[in-house]
Amino acid sequence: MILILLGPPGSGKGTQARTLTQERGLPQLSTGDMLRAAMTKGTEVGLQAKDIMARGQLVSDEIVNGIVAERIDEPDVRKGFILDGYPRTLGQAAALDKMLADRRRKLDAVIELRITDEDELVRRVSGRYTCAKCGEGYHDTEKKPRKAGACDKCGSTEFKRRPDDTAEAMRTRLKAYANETAPLVDYYAKKGVLQVLDGLGEIDAVKAAIGEVLDKLA
Ligand code: ADP
């Protein structure tokens with residue numbers, strides 16, 4: 001199964017993708033994570049992306065298409081995968097169509113986690129942080145660790161925030177979403193693969209709704 005999770009920053013794509021990976025064994029291909037990994041490693045791509053990402057702008061189609069094309073030839077994605085944060089422009093969507101056609105593979109569904117309330121998105125993103133060791137996600141007001149200052153999952157006391165989770169970078173990211181990514185909703189609706197879900201629900205409610213869509217496809 002090849003699935004795209006579409007939605008603005010803060011809509012819960014990463015959270016839902018991680019659960020799908022755990023429960024259905026579908027690898028999560030997050031271009032944001034791949035770019036951050038490239039930055040940590042200090043590769044050429046990482047260096048090129050660093051400042052662009054910190055400002056909340058989009059990295060070039062050429063770079064992200066390249067990293068996705070490489071990733072989908074790895075053996076672990078043979079049975080399927082979830083794209084999280086890709087495609088983000090019409091150019092990327094066309095590139096993905098070609099990548100899949102060249103490999104005789106087919107896109108099964110695009111699930112849009114729809115949230116139109118930008119204040120809610122800013123609130124979600126500007127309060128979030130993760131455990132530096134295991135990556136578990138937290139939020140200043142919504143989801144604090146049970147014991148203050150220590151990760152529920154692994155006990156680590158180190159946490160980190162993304163440099164683009166500031167209110168200012170978030171405004172740029174929302175603009176990029178509206179201008180560059182929102183047109184993909186129509187693009188995939190016309191192909192007949194789009195499923196729109198309410199992204200404002202509780203994590204478990206959204207998870208259940210995604211589960212229903214996938215069970216129907218299976
Ligand atoms: P979010 O969905 O919350 O914005 P991501 O981790 O998916 O977070 O992306 C963070 C940043 O990485 C984006 O703002 C952008 O700079 C870059 N990025 C990730 N995926 C893409 C993509 N497909 N095209 C262009 N830039 C991307």
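Which element supplies the largest share of the lining of the largest cavity? In this predicted model, that element is S1, with three residues. Here is a friendly tour of that cavity and of some charged pairs.

**The cavity**
- The structure holds one cavity of 30 Å³ or more, and the space in the largest cavity comes to about 70 Å³.
- Strand S1 (2-6) and helix H7 (167-181) each give at least two residues to the lining.
- Among the lining residues are Ile4, Leu5, Leu6, Pro9, Lys13, Tyr86, Arg88, Tyr177 and Thr181.
- By type, the lining divides into seven nonpolar, three polar and two charged residues.

**Salt bridges within helices**
- The structure holds 21 salt bridges.
- One of them joins Arg36 to Asp33, with the closest N and O atoms 2.9 Å apart. These two residues are three apart in helix H2 (residues 31-41), so about one helical turn separates them.
- Arg36 is partly exposed at 22% relative accessible area, and Asp33 is partly exposed at 36%.
- In helix H5 (residues 90-102), Asp102 and Lys98 are four residues apart, which means about one helical turn lies between them. Their side chains form a salt bridge of 2.9 Å, N to O.
- Lys98 is exposed, with 54% relative accessible area.

**A salt bridge between loops, and a network**
- Asp140 pairs with Arg161 in a salt bridge whose closest N and O atoms are 2.8 Å apart. Because Asp140 sits in the loop between strand S6 (137-139) and strand S7 (159-160), and Arg161 in the loop between S7 and H7, the pair ties together parts that are 21 residues apart in sequence.
- Asp140 is partly exposed at 33%, as is Arg161 at 47%.
- A network of salt bridges links Arg128, Arg162, Asp164, Asp165 and Arg173.

Note on methods
Residues are numbered from 1 along each chain as its sequence is written. This is a predicted model: local features need pLDDT of at least 70, side-chain atom pairs count only at pLDDT 80 or more; totals for chains, interfaces and linings use all residues. Side-chain values use heavy atoms; hydrogens and water are left out. On a 1 Å grid over the protein atoms alone, a cavity is a set of points where a 1.4 Å probe fits but cannot get out, and a pocket is an open set with protein on both sides within 12 Å along at least five of seven lines; lining residues have an atom within 4 Å of a point. Grid points are joined across faces, edges and corners, and a volume is the space filled by probe spheres set on the points. Ala, Val, Leu, Ile, Met, Phe, Trp, Tyr, Cys and Pro count as nonpolar, Asp, Glu, Lys and Arg as charged, and the others, Gly among them, as polar. A salt bridge is a side-chain nitrogen of Lys or Arg within 4 Å of a carboxyl oxygen of Asp or Glu. Buried means under 20% relative accessible area, exposed over 50%, partly exposed in between (1.4 Å probe, protein chains only).
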